[in-house]
Amino acid sequence: MVVDLRHKDFPQEASAAPIESLDNQQSVVLTVEKLALSLGGKEILQQVGFSLPASGVTSVIGPSGAGKSSLLRCLNGLETGWSGSVQIDGSDIRQWRGGWDQLRRHVGLIAQKPLVFDASIRANVCFGLHGWRQRRRADELVKTSLQQAALWDEVCERLDAPATTLSVGQQQRLCIARAIAIKPKILLLDEPTASLDPRSKQLIEQSMLQLAQAIPLVCVTHDLEQAQRLKGQVIFMCDGRVIEQAASHQLFNQPQQIETREFLRWNVCDCD
Amino acid sequence: MSVASQQYRYTPGKALVLLLALPALLIPTMVLCYIFWQAAPVLNWGFLFGTADGVGFGVTEGIFSQLVGSLLLAIMACLIAIPFALGTALYYRTFATPWQQRLLNAMFNMLQGIPPIVFGLCGLVVLVNLFSWGVSLLSGAVVLAVVVLPLLVLNTLATLERIPNEYSEAGSALGLTKGAIILRLWLPRSWLQLLTGLLLAMARALSETAPIMFTATVFSGVVWPDSIFSPVTTLQTHIFYLAQEGNEPLLISIAWGSAAVLVLLVASFGLLARLLQKLGDN
Ligand SMILES: Nc1ncnc2c1ncn2[C@@H]1O[C@H](COP(=O)(O)OP(=O)(O)OP(=O)(O)O)[C@@H](O)[C@H]1O
Ligand SMILES: [Mg+2]
């Protein structure tokens, strides 16, 4: 396929209707339409539209400051001042039963900056569980969550040690375990392997692929190879807009938009 | 010449600064020494734990009922103020709009600057007379609570301010409710500092005299309050009344003794607060 590189003035609305690139067999669980967000007078997201299949990983790539983290925060309800529509299983998340708190249990978010609570490792993993009784009897859950986060082997001896004594990479994995423990139905990960060694990275990726068999995962990453390894679909964001959404092999081999091509080739983006 | 020896060389400028700084160090020390020197003759266990017989004009050697009266008032005042202080601070952090936050901030800073005697006067008019609570433990405690409230609120706010936003957000992201975030994230992290603030408020309540003078205390005639509606005697006002008697040496030495005990009491609360603060910082 040939893309005319001189054709600079892409119609912007083209980015809002990329659904045809999805695997059509899969049902859609989350649909975002015309999502816009301004913070402090600055437009951070504009006209964002995409959809998530019922399972599999969706990687979000794009230059720093593109609004990837902000997008995840909107989907999880940490940012509530957005406009547009976000629907999960056909229901608007603004009218979610039980309000934002319940939505956040449904849509887990692992933040970009790992932040553990001043408590033991075990307590951190159980932190999101309801009721102290559940938190007490969660040994099995703690184990499986930590295993999925590729942290169990390193901390199984010292589950009652303060979580703040862990290294940054370990804290990052603890945050993953903490989010997995509440069994979200959609999981958003913001650069989950940013401070990890190749081996831990690989373990986390394996866990992600395993989790993605049952639930949709959204993974923001700067590691393009990781996005390729995670298969699934890829969303390319730039300057607060979704430029392209496509299956990973397609986006990396035959990008449709000129911005995507530029980003992939030079890792720079000239969106305006 | 090494840097260290340079530091210890005297220059005229250094001498001048030292001269100006010295009074600030010496005067409080001298005052303290003088208090304890004057108080020494009467300070003993009998003085501390004896009680007035209720008829003599304070010419009894014991100050135990005054000590208990002061503590009772301070504790009650803090107990009354705590829920309101916590409520205000939590409102400020969780629901208040930026505009309301500015208003609250300005208000409590201003409240802190109001002379306590003004609150005493309001207490006299409203609580003692209008509500007919009389000169009583309750009236005094409520007035004192108003006096220490800004201190408690501002301290609680400063404590909550030290909790980073990301910390609460990490809790939010896990689907914790506001209540759960407050109880399970904020409280464990800040209870030591809150306690420190409480002790400082206790010290403040113990040293206030003006607001309780018309609302809670009498000079004599009371040993133990029978209910929250009966008046008490306190160390602060005891010193005040005895000092007014002026020329009776025994009374004056009792006043010095009371002053020494009061200073020790306030200082111990202050020290305990400092200790907790150190603990909290580690
Ligand atoms: N609270 C805020 N107030 C104002 N501007 C904000 C706020 N949060 C984020 N922004 C701005 O929004 C833009 C997108 O930020 P965001 O964190 O979503 O980027 P990102 O794509 O995650 O970048 P990175 O890859 O570096 O993490 C940035 O330009 C940032 O300055
Ligand atoms: Mg980010």
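## Helix α7 of chain B

In chain B of this predicted model, helix α7 bends by about 40 degrees at V148(B), and a proline, P150(B), follows within four residues. The bend is the angle between axes fitted to the seven residues ending at a position and the seven starting there. Helices (H or I, at least four residues) and strands (E, at least two) are DSSP runs, numbered from the N terminus.

Helix α7 covers residues 137–161 of chain B, 25 residues in total, and spans 35 Å from its first C-alpha to its last. Most of α7(B) is covered, with 19 of its 25 residues buried; buried stands for under 20% relative accessible area, exposed for over 50%, and partly exposed for the range in between (1.4 Å probe, protein chains only).

## Basis of the model

Residues are numbered from 1 along each chain as its sequence is written, and chains are lettered from A and ligands numbered from 1 in the order in which they are written. As this is a predicted model, local features need pLDDT of at least 70 and side-chain atom pairs pLDDT 80 or more, while totals for chains, interfaces and linings use all residues; side-chain values use heavy atoms, without hydrogens and water.

## The two chains

Chain A is built from 11 helices and 10 strands, whereas chain B has 12 helices and 0 strands. The order of elements in chain B, read from the N terminus, is accordingly α-α-α-α-α-α-α-α-α-α-α-α. The C-alpha trace of chain B extends over about 70 × 70 × 30 Å along its principal axes.

Of the 272 residues in chain A, 53% are buried; for the 282 residues of chain B the share is 41%. Contacts (heavy atoms within 4.5 Å) can be sorted by sequence separation. In chain A, 67% of the contacts with a separation of 6 or more are between residues 24 or more positions apart. In chain B, 74% of the contacts between residues at least 6 apart join residues at least 24 apart.

The largest pocket has a volume of about 600 Å³. It is lined by 23 residues, and those closest to its centre are R93(B), T94(B), N165(B), S172(B) and K178(B). Elements of both chains give two or more residues to this lining: α2 (99–106) of chain A, and α4 (64–94), α5 (98–113), α8 (165–173) and α9 (178–207) of chain B. By class, the lining of the largest pocket holds 8 nonpolar, 8 polar and 7 charged residues. Here Ala, Val, Leu, Ile, Met, Phe, Trp, Tyr, Cys and Pro are nonpolar, Asp, Glu, Lys and Arg charged, and the others, Gly among them, polar.

The second largest pocket has a volume of about 480 Å³. Its lining consists of 20 residues, of which R73(A), A111(A), Q112(A), E166(B) and E169(B) are the closest to the centre. In chain A, α1 (68–75), β6 (107–110) and α7 (168–181) each supply at least two lining residues, as does α8 of chain B. The most, 5 residues, come from α8(B). The lining of the second largest pocket divides into 11 nonpolar, 3 polar and 6 charged residues.

## Cavities

There are 2 cavities of 30 Å³ or more in the structure. On a 1 Å grid over the protein atoms alone, a cavity is a set of points where a 1.4 Å probe fits but cannot get out, and a pocket is an open set with protein on both sides within 12 Å along at least five of seven lines; lining residues have an atom within 4 Å of a point. Points are joined across faces, edges and corners, and a volume is the space filled by probe spheres set on them.

The second largest cavity holds about 40 Å³ of space. Its lining is made of S65(B), V68(B), G69(B), V222(B), V223(B), W224(B), P225(B), V232(B) and T233(B). These residues divide into 6 nonpolar and 3 polar, with no charged ones.

## Single residues

D89(A) is not a glycine, yet its phi is positive, at about 50 degrees. D89(A) lies in the loop between β4 (83–88) and β5 (91–92) of chain A and counts as exposed because its relative accessibility is 54%. D239(A), also a residue other than glycine, has a positive phi near 55 degrees. Its place is the loop between β9 (233–238) and β10 (241–247) of chain A, and its 35% relative accessibility makes D239(A) partly exposed.

In chain B, D226(B) sits in the loop between α10 (210–213) and α11 (235–245). With a relative accessible area of 75%, D226(B) is exposed. Its C-alpha atom is separated by 9.9 Å from that of L137(B), 89 residues apart along the chain. L130(B) belongs to helix α6 (residues 116–130) of chain B and is exposed, at 63% relative accessibility.

Terms used: Expected span 1.5 Å × (residues − 1).
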